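Notes follow in the order I wrote them up.

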Amino acid sequence: MSDTIHIQPTAPLAERVLVPGDPGRALLLAQALLSEPKMFNHNRGLWGYTGPALLDGEPLTIQSTGMGGPSAAIVIAELADLGARTIVRVGTCGGLDESLALGELLVASEAVGEDGTSRALQSAGRVGPDADLLARLSDAGPVRVGPVVSTDLFYDTAPGTEERWRDDGLLAVEMETATLFALAARRRLRAAAVLIVTDLLFPSRRRIDPEELHEAEHRLGELAVAALAADPA
């Protein structure tokens, strides 16, 4: 039996881990990025997979976190307890900056924590990724790089909030990156985040179509693994 409660490993954990929120994306990335993937976790519907990465043959785990900071914090903490040392979020975001395009990849240079979980972790409000991972993700392919904001709400944000974030120069909004960065600082993990722009909030709301999302998910995984393969740590 594992000492962790929510993650119940059925295969070895790699020290480097990709963490999508969506269990379905974890499966898609495992099929695309791993040779001979094995189920790592299925407890609580938090699907995870592990195996050698096709790109470099080194062990890689892909573990979903679920939605929002509280769920992500549980999964990341238990991954750290099990031996993970490098964690890259491979998720989605809503674009605040009008120059962003649907399907574009955005590397988070920092995260502003307007969510309860990163605040409960006593982050300073703005938390950043590992500098080397940030550089490697930025160099691994065509991406935008900039700050994001993490929130607890997907719907029913207070009027004017999204405009304030945009006017503060934040490129996108999502739900888990500030938690990852804050927890990484506390537990001495190396962490970064790369996100697909799946929604545009301004000047009017638009949503990515399923085919374009599927293609972007493959680019997302390939870029993250390329950055990890180039990482001497």
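This is a predicted model: local features need pLDDT of at least 70, side-chain atom pairs count only at pLDDT 80 or more; totals for chains, interfaces and linings use all residues.

**Exposed rings**

Started with Y155, which I have down as exposed because its relative accessibility is 60%.

Next I searched the whole structure for aromatic pairs and got one. That pair is F154 with Y155, with ring centres 4.8 Å apart and 75° between the planes, so I logged it as edge-to-face, for which the planes must be over 60 degrees apart.

I also checked for charges over rings. R166 sits over the face of F202, 4.4 Å from the ring centre.

Which elements supply at least two lining residues each? My list has the helices α1 (23–33), α5 (161–167) and α7 (210–229), plus the strands β5 (86–95), β9 (172–174), β10 (190–200) and β11 (206–207). The largest share is from β5, with five residues.

I then turned to cavities. Rolling a probe the size of a water molecule over the atoms shows where empty space is left. How many cavities reach 30 Å³ or more? I get one, and the largest cavity has a volume of about 40 Å³.

Its lining is V19, T65, A72, I76, R89, E176 and L180. Sorted by class, that makes four nonpolar residues, two charged and one polar.

**A look at L18**

Last entry: L18, in strand β1 (residues 16–19). Buried or exposed? L18 is buried, because its relative accessible area is 0%, and the cut-off for buried is under 20%.

What does L18 touch, leaving out residues up to four places away in sequence? I wrote down L33, L60, T61, I62, Q63, V88, V90, A224, V225 and L228.

I also took one distance from L18. N41 is 23 residues away in sequence, and the two C-alpha atoms are 14 Å apart in space.

Terms used
Residues are numbered from 1 along each chain as its sequence is written. Side-chain values use heavy atoms; hydrogens and water are left out. Rings of Phe, Tyr and Trp (its six-membered ring) pair if their centres lie within 6.5 Å; planes under 30 degrees apart count as stacked, over 60 as edge-to-face and the rest as tilted. Buried means under 20% relative accessible area, exposed over 50%, partly exposed in between (1.4 Å probe, protein chains only). A charge sits over a ring if NZ of Lys or CZ of Arg is within 6 Å of the ring centre and within 35 degrees of the ring normal. Helices (H or I, at least four residues) and strands (E, at least two) are DSSP runs, numbered from the N terminus. Contact means heavy atoms within 4.5 Å. On a 1 Å grid over the protein atoms alone, a cavity is a set of points where a 1.4 Å probe fits but cannot get out, and a pocket is an open set with protein on both sides within 12 Å along at least five of seven lines; lining residues have an atom within 4 Å of a point. Grid points are joined across faces, edges and corners, and a volume is the space filled by probe spheres set on the points. Ala, Val, Leu, Ile, Met, Phe, Trp, Tyr, Cys and Pro count as nonpolar, Asp, Glu, Lys and Arg as charged, and the others, Gly among them, as polar.
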